[in-house]
Amino acid sequence: MAEGLVQIGEVAERLGLSLRTIRHYEEVGLVVPERTPGGFRLYNETDIGRLALVKRMKPLGFSLEEMRDLLDITDRIAAGDDDPTLLGRLHLFERAVADRAERLREQLAMAREFAEQLRRQRLAARPPRVGS
């Protein structure tokens, strides 16, 4: 195996993604691993970083197109592209992440309040003990 390249199983283990998910991300063009002559996928650290970024975007509800856009931005910045619009686009993603994280915090607070309400109702409805 080429130096610094790993197979899909190791990538899955490192990132906590299923093989199917990684293959799907390849099918939609979010990552393009190298292939051995036998057809085995080989991933470099850049590929793994891309998959890690996608994994972080997924629970925040970003679409595949948004994921592609952010990956394009980060790839171009890493390659030294000095297009002034890139940092502005990156800032928009930064704001979107902050907004989505805030919405998740609000949803979590509501879920905790709801769970507490159910707990109180359960305790209030507990039948009295015999002999008490």
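This is a predicted model: local features need pLDDT of at least 70, side-chain atom pairs count only at pLDDT 80 or more; totals for chains, interfaces and linings use all residues.
The expected span of a helix is 1.5 Å times one less than its number of residues. Helices here are DSSP runs of H or I with at least four residues, strands are runs of E with at least two, and both are numbered from the N terminus. With that in place, let us turn to helix α5. Helix α5 has 41 residues and reaches 61 Å from its first C-alpha to its last, close to the 60 Å expected at 1.5 Å a residue.

Residues are numbered from 1 along each chain as its sequence is written, and side-chain values use heavy atoms, with hydrogens and water left out.

Which residues of α5 are buried? Buried means under 20% relative accessible area, exposed means over 50%, and partly exposed lies in between, with a 1.4 Å probe and protein chains only. The buried residues of α5 are Leu86, Phe93, Ala96 and Arg100. Their cover includes α3, residues 45–57, and α4.

Let us consider how α4 and α5 meet. Axes are lines fitted to C-alpha atoms, for helices over the stretch in contact, and angles run from 0 to 180 degrees between N-to-C directions. The axes of α4 and α5 come within 10 Å and cross at roughly 135 degrees. That angle makes α4 oblique to α5; under 35 degrees counts as roughly parallel, over 145 as roughly antiparallel, 65 to 115 as roughly perpendicular, and the rest as oblique. Contact means heavy atoms within 4.5 Å. On the α4 side, the residues that meet α5 include Glu66, Leu70 and Ile73, and on the α5 side they include Leu86, Phe93 and Arg100.

Arginine 100 deserves a separate word. Arginine 100 sits in helix α5, residues 84–124, and counts as buried because its relative accessibility is 16%. Apart from neighbours within four places in sequence, arginine 100 is in contact with Leu60, Gly61, Phe62 and Glu66.

With which residue does arginine 100 meet in a salt bridge? The partner is glutamate 66, at 3.5 Å, N to O. A salt bridge is a side-chain nitrogen of Lys or Arg within 4 Å of a carboxyl oxygen of Asp or Glu. Glutamate 66 lies in helix α4, residues 64–78, and arginine 100 in helix α5, so the pair ties together parts that are 34 residues apart in sequence. Glutamate 66 is partly exposed, at 27% relative accessibility.

The whole structure holds 14 salt bridges. In one of them, glutamate 26 pairs with arginine 41, the closest N and O atoms being 2.4 Å apart. Glutamate 26 belongs to helix α2, residues 19–27, and arginine 41 to strand β3, residues 41–43, so this pair joins parts 15 residues apart in sequence. Glutamate 26 counts as buried, at 18% relative accessibility.

Another salt bridge links aspartate 72 and arginine 76, with 3.8 Å between the closest N and O atoms. These two residues are four apart in helix α4, and are therefore separated by about one helical turn. Both are partly exposed, aspartate 72 at 33% and arginine 76 at 24%. Salt bridges with shared partners join Asp69, Asp72, Arg76, Asp81, Asp83 and Arg89 into one network.
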